[in-house]
Amino acid sequence: MLSRLIEGAPAQPLAPDFGNMHSMAEELRAAVQGEVRFDNGSRALYATDASNYRQVPIGVVIPRTTEDVIETVRICHRYGAPVLPRGGGTSLCGQCCNVAVVMDFSKYLNRVLSIDPDEKTARVQPGVVLDDLRDAAEAHGLTFAPDPATHNHNTLGGMIGNNSCGPHSVMGGTTVENVLELDVLTYDGLRLRVGATSDERMRGETGRSRDIYDRLAALRDTFADDIRSRYPHIPRRVSGYNLNALLPENGFNLAQALVGSEGTCVVVLEATLRLLPSPRCRTLLVLGYKDVFESGDHVPEVMRAGPIALEGIDDRLVHDMDAIDLHPENIRLLPEGGGWLLVEFGGDTMEDANARARKLMDSLGRTDKPPSMKLFDDPAVQHKVWKVRESGLGATAHVPNKDITWEGWEDSAVPPERLGEYLRKLRALFDKYDYDGDLYGHFGQGCVHTRINFDLETAPGIEKYRKFIHEAAHLVVDMGGSISGEHGDGQSKAELLPIMFGDRLIQAFREFKGIWDPHWRMNPGKVIGAHQADQDLRLGADYDPPVAKVEFFYPGDGGNFSRAMLRCVGVGECRKKSGVMCPSYMATGEEMHATRGRARLLFEMLQHDVITHGWKDEAVRESLDLCLSCKGCKGECPVKVDMATYKAEFMSHYYAGKIRPLNAYAFGMIDRWAALASHMPRVVNLFTQKEPFARIAKAIAHIAPQRRITPFAQESFTHWFRKRPSSRTGAGKVILWPDTFNNFFHPDVARAAVEVLEHAGFSVHIPGVHLCCGRPLYEFGMVARARNYLRRVMDVLEHEIHAGTPIVGLEPACVSVFREELPNLFPHSEQAKRLKQQVFLLSEFLERHRYTPPALDRRAIVHTHCHHKAVLKTDAEEAVMRKLGLDYDLLDSGCCGMAGSFGFEAGKYDVSMRCAERVLLPAVRNAAEDILVIADGFSCREQIVQTTGRDPMHLAQVLQLALKTSGTTTGSTWR
C-alpha cells in the first residue's frame with residue numbers, strides 16, 4: 001500500500017507505488033459511477049492550478065453523486081492515498097495541486113439544491129458556479145454577497161475552501177460570514193453536518209464525532225486568549241484556520257471554523273448558505289485621484305457613505321491594459337486621474353441609489369482637493385467599468401516589453417484606515433528589490449492585489465523572492481494586517497504564518513488539522529506542515545524546456561513557443577458559460593476541453609515528464625481535437641491565449657511524416673475540390689445529394705450521417721462576375737475577395753455585395769485568378785501549405801497591395817486570416833503588413849467610408865461568427881445595422897458549433913449540436929417568420945439551415961434587401 005504518514009505529523013512529498021495505484025484505480029472504477037482517470041494525460045491536466053506550483057496527482061476522480069465522493073474517500077483511505085477536493089481550480093497559492101487523488105466536483109456535483117426565500121438561505125453542491133447560485137437567488141430578490149472576479153466560473157466549494165471574498169464583501173462579508181452549515185466527510189469516513197454548536201448538541205454525540213467536538217472544545221479553551229490577542233481585527237483576514245469561530249462568543253461554529261481550510265481537513269459535500277436582499281438598482285461612481293496612494297488615503301471617507309462595494313486600481317494597471325489592447329473602450333470611461341476608486345451604491349430604485357452617490361459627490365466636491373468624478377447608472381456601461389477592475393490578474397501577467405509577473409504576494413490586507421500608508425510602503429519595498437507590480441484590489445476592506453515580476457527560473461532569483469515575501473510579511477503584520485486577504489495560504493504563504501500568528505497558534509493549527517485529519521492525508525503539504533514557498537515550483541531553477549522549431553512566429557512571446565505556453569495563468573475565464581470562449585468546454589464540462597486545460601497539456605508536453613511523447617502525444621491530440629478554433633480565447637482570455645494557433649502548430653508536428661485522415665484532405669483542401677466541382681456542379685451534386693451516393697460519399701469523408709453535404713452552386717460567383725456587363729465606374733476601386741464558400745456555394749451573397757458596393761459608389765474588381773486564404777488548412781495542421789497560399793496571394797496581388805487598393809471580404813474566417821495568421825507566418829514581411837491593413841469586412845469598409853444605406857424597418861436576430869466577435873469585433877457590423885434601422889437582437893450564442901468542418905465530422909456531431917442548442921438554435925426556432933435571421937459566417941448559416949430549416953441572410957443580402965425595398969438600384973450616398 002501507499003506508505004502511511006505518522007499520525008499528527010506533517011505531510012511529506014509522496015512517491016506513489018504505481019502498482020498499488022493501478023489496483024486502487026480499478027477499485028475506484030468498480031465503485032464509482034462517475035469518471036476515474038489515472039492516465040498520464042489526466043494527471044498532467046490537473047498538475048497545477050492558477051499558482052506558481054506544479055504537483056502531478058496520483059489520479060483524478062470526477063464524482064457524479066455524493067455516494068461517489070464517499071466511495072472515493074473510502075478507497076483512498078484504504079490505500080493511504082491523499083485526497084484533494086477541487087472546484088474550479090483557480091486558486092493562486094497552490095492549494096489546488098497535490099500528489100493526491102484529485103476530486104473535481106465541477107462537472108456533475110454543481111446544482112443549487114434549494115432556495116428558501118423566507119429564511120434567505122440556499123443549499124448547494126460544492127461544484128455549483130457562483131453566478132448560477134446568484135442567478136437563482138436573484139429570482140427571489142436575493143444574492144450571495146462574496147463575489148470574486150472569477151464569479152462566472154468559480155465554484156462554491158472552492159470559495160468555502162479559500163474563504164473567498166470579492167467586491168461585495170463590503171455589503172455582506174466574506175464567505176465565512178455567509179456559511180450556516182456544512183455537510184462534511186472526514187478522511188476516515190465520518191459524515192457530519194456542522195454549524196453553530198451548543199453544549200447540549202455536543203453531549204448528544206458519540207464515538208468519533210464526540211471525540212472531534214471534545215477535542216475542539218479543549219483546543220478552544222487552551223488557545224482562546226491567543227486567538228483573541230493575535231488574530232487581527234480587520235475586514236479581510238483570510239490567513240490561517242478560522243479558530244476564532246470556535247470561541248464562545250462566536251457560537252462554537254464548526255462550519256465557519258472549516259471555511260478557509262483549503263481541503264486540508266474535510267471534504268465538503270453540501271453547504272447551507274446565507275443569502276442577502278439584492279439591491280434592485282445599482283449605480284457606480286468612479287473617483288479619480290492623483291495617484292493610487294491618495295486614493296487609498298480617502299478610503300475611510302468614502303466608506304462612511306455606505307457603499308456596497310469599493311474597489312481601487314492604479315494607473316499602471318490601466319497602462320498595462322492599454323498596452324495589451326484589453327478593453328480599450330472601457331478604459332476611456334474612467335475620469336481623469338492616476339488612481340481610481342470604484343464606488344457602488346445600491347437602492348430600491350435608481351433614484352435612491354443615485355441619491356446616495358450624489359450625496360458623496362457633493363461632500364467630496366466641498367473638499368480642498370476634490371477628485372474627478374463620473375457617475376454611471378446604465379448597467380451596460382457599469383459592466384464595462386467593472387471589467388477594468390476584474391481584468392487585473394490577466395491584464396498584468398503578460399505585458400509587451402515587460403517581464404512575466406507571478407503570484408506570491410498578491411492579496412495582503414491591512415486596516416482600511418492605513419491603506420494609503422501601506423500602499424506607499426509596499427511600493428517602496430518593490431523599489432528596494434527592483435520589482436514592479438500594479439496595485440489594485442478591494443480597497444474598501446484594505447485588500448491589495450498585485451502580480452510581481454519575480455524571477456522564478458534562477459537560484460538567485462528564487463532566493464531573492466523568498467527574502468522579499470518574508471520582509472513583506474513583516475511589513476503587513478507590523479501594520480496590523482493579514483498576509484492573505486482573499487486567496488488563502490496554500491503553499492506560497494504557509495511558511496509565513498508563524499510571522500503573523502506566533503508559535504503557539506501554529507501549534508493550535510496543527511492540532512486543529514490533526515483532530516479532523518489524524519493521518520494528515522487531506523491535501524497534505526498545504527497551510528500547515530506545508531512545503532516551502534520555493535518547493536514544487538512550476539518553473540524553478542531546473543526549468544529548461546526544449547527549443548522547438550515551429551511554424552508560427554508568436555510575436556507576443558518573442559518567437560518562443562515555450563514562452564507562449566506560459567501565457568495561461570490558470571484564471572479559468574475559459575470555463576464560463578457565456579460569450580465565445582470556450583465552446584467545447586461549455587458543451588462537455590471537461591477541463592481537457594477548456595482553453596486552460598489544453599494550455600496545461602501543451603506546457604506539460606514540453607516538460608517531457610508525464611506527457612512523454614512530445615508532438616506525437618495522443619492525450620494532447622485528443623484534447624485539441626475538440627477545439628473548434630473559434631479564436632474566442634484570443635479575443636476573451638485576459639492573457640490572449642491563442643489556442644487556434646497552438647492547435648494548428650501541434651497538428652502540423654503531429655502529422656509530420658504521417659498520412660492524414662481522408663477528411664483532412666477533403667475539408668482542408670476544399671478550395672481545390674470546389675474549383676474542380678464548379679466545372680460540373682450538376683454531376684457532383686448528383687453524387688453528394690442523391691442516395692445511395694450521398695450516404696457513400698459521407699462515409700468516405702467521415703461526415704456525420706445527420707449532415708447534408710452542402711450542394712455546389714450551378715454557377716460560381718467569379719464566373720458570373722466575369723461575364724456580367726461592365727458597371728465598374730465609381731469613385732474608388734475595391735477588390736471583392738471571392739472566398740471559396742461564397743464563390744462556389746453561396747454566390748448570391750457575393751452578388752449582393754457587388755450591388756451594395758456599387759451603390760456605395762465603388763468600382764468592384766476581383767482577382768484575375770483563383771486565390772484562397774487557406775483557412776481550412778489550419779484545422780488539420782497543413783501550415784506549410786497555408787503559408788504557400790498566402791505567399792501566392794501576395795505575389796498575385798502585388799501591384800494592388802502596393803497601390804493600397806482595399807480588399808473587402810465577406811467571410812469573417814477568411815478576413816481573420818489576414819489579420820491573424822498572415823502576420824504570424826510572415827512577421828518580417830512589409831508586404832504582409834500592408835495586406836493586413838488593406839483587408840476589411842464589408843461592414844468595416846462601409847463604415848470607413850460613411851456609407852448610409854436605405855432604411856429597412858425590420859426586426860432581426862443576429863448570430864455573429866466567432867472570428868468576427870473575437871478578432872474583428874462587431875462595432876462596424878452593429879453600426880451598419882443601426883443605420884439600416886433594424887430592430888435587432890445580437891445573440892450571446894457563442895460558437896454555432898459548425899466551425900468549418902468541425903460540425904460535419906462524424907465524431908464531433910454531438911458536441912457541435914450541444915454548442916448550437918445552447919442559445920442559437922432555440923432562438924432561431926422561436927423567432928417569428930417575419931424576423932430576419934442574420935449570420936455572416938458560411939458555417940453558421942449551414943448550421944442554421946441544416947437544423948432549423950430557416951434561411952439566414954448575410955449582411956450583404958440584408959443591405960441588398962434594403963436597396964430593393966426602397967426601390968434604390970443606382971446612385972450613391974458615399975461621401
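Student: Why is Arg134 called buried?

Tutor: Arg134 has a relative accessible area of 17%. Buried means under 20% relative accessible area, exposed over 50% and partly exposed in between, with a 1.4 Å probe and protein chains only. Arg134 therefore counts as buried. This is a predicted model, in which local features need pLDDT of at least 70 and side-chain atom pairs count only at pLDDT 80 or more, while totals for chains, interfaces and linings use all residues. Residues are numbered from 1 along each chain as its sequence is written, and side-chain values use heavy atoms, with hydrogens and water left out.

Student: What makes Asp131 and Arg134 a salt bridge?

Tutor: The rule asks for a side-chain nitrogen of Lys or Arg within 4 Å of a carboxyl oxygen of Asp or Glu. The closest N and O atoms of Asp131 and Arg134 are 3.0 Å apart, so the pair qualifies. Both residues lie in helix 4 (residues 130-138), three residues apart, about one turn of the helix. Helices here are DSSP runs of H or I with at least four residues, strands are runs of E with at least two, and both are numbered from the N terminus. Asp131, at 15%, is buried as well. The model holds 68 salt bridges by this rule.

Student: How do you know whether Arg418 and Glu421 are buried or partly exposed?

Tutor: Arg418 has 29% relative accessibility, so it counts as partly exposed. Glu421 also stands at 29% and is partly exposed. Their salt bridge has its closest N and O atoms 3.1 Å apart.

Student: What does the salt bridge between Asp557 and Arg567 link?

Tutor: These two side chains meet at 2.8 Å, N to O. The pair links distant parts of the chain, ten residues apart: Asp557 is in the loop between helix 19 (497-516) and helix 20 (561-564), and Arg567 is in the loop between helix 20 and helix 21 (583-588). Asp557 is buried at 12%, and Arg567 is buried at 10%. Elsewhere, salt bridges that share partners join Arg123, Glu181, Asp183, Arg191, Arg193 and Glu270 into one network.

Student: What makes strand 19 and strand 20 a pair?

Tutor: Two strands pair if DSSP finds at least two bridges between them. Three bridges join strand 19 (residues 807-809) to strand 20, and the two run parallel. Val808 has Phe840 in strand 20 as its bridge partner.

Student: Which sheet do they belong to, and which strands are at its edges?

Tutor: They belong to an open sheet of four strands with the order 18-17-19-20 and parallel pairing. Strand 18 (762-765) and strand 20 (839-841) are the edge strands, since each pairs on one side only.
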